[in-house]
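Hello,

I am handing over the structure below, with notes on what was found in it. Please read the notes with the structure open.

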Amino acid sequence: MGLVLLLILSLVVAAPLAESQVDEWHESSYGVGAEKVTRLHLYLHDMVSGKNPSVVKIADHPNTYNSPGFFGFLAMADDPLTEGPEPTSKTLGRAQGLIAFASREEFTEVMSVNFVFTEGDFKGSSLSILGGNQILQPVREMPIIGGTGVFRFARGFVVAKTYWANVTTHDLIEEYHLTVMHY
């Protein structure tokens, strides 16, 4: 009982502190200003093969590989984001999140991925992408549903296309064009 009381007391004390920090944030230069549009061009390296893959399977179903769309396959990704298509190109960040194959009929990934920027003008910021990626289509569009850092209150869209793919190893490099509206 004492532990529960201590926990409740700490929450009551911490709530006003958190509220004042939010108020300070809104009043600071990091608050909402004029809306901007930023366009980004980068490459995502989705490596399934090798000793250090950037995508790993989490789960599947016994029928997953009998369906044309690998329905039920679930993976975790931590893919490099680079300035150019070459693996040696300058790293800008990481694409980190979940990829699930959600169609029984075609290869459609449902992606819940954060583009976390670790270098350049957007270092310390991120963009959240959530949507379907029909990977066999030549061009795909997915929504940007939020962001952090310089991308607070972000919204926008991603246009992706496969730059290179190895059908044997399932490794691929995707080209991404992002249009982001943010404050």
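How many aromatic pairs does the structure hold? There are 11 aromatic pairs, where rings of Phe, Tyr and Trp (its six-membered ring) pair if their centres lie within 6.5 Å, and planes under 30 degrees apart count as stacked, over 60 as edge-to-face and the rest as tilted. Tyrosine 65 and phenylalanine 73 make an edge-to-face pair, because their ring centres are 6.4 Å apart and their planes stand at 70 degrees.

This is a predicted model, in which local features need pLDDT of at least 70 and side-chain atom pairs count only at pLDDT 80 or more, while totals for chains, interfaces and linings use all residues. Residues are numbered from 1 along each chain as its sequence is written, and side-chain values use heavy atoms, with hydrogens and water left out.

Phenylalanine 73 is buried, at 16% relative accessible area, whereas tyrosine 65 is partly exposed, at 42%. Buried means under 20% relative accessible area, exposed over 50%, and partly exposed in between (1.4 Å probe, protein chains only). One aromatic cluster is formed by Tyr65, Phe70, Phe73, Phe101 and Phe107.

A charge also sits over a ring (NZ of Lys or CZ of Arg within 6 Å of the ring centre and within 35 degrees of the ring normal): arginine 104 lies over the face of phenylalanine 71, 4.8 Å from the ring centre.

As for the chain, 34% of its 183 residues count as buried. The chain has one helix and nine strands, these being DSSP runs numbered from the N terminus (helices H or I, at least four residues; strands E, at least two).

Regards
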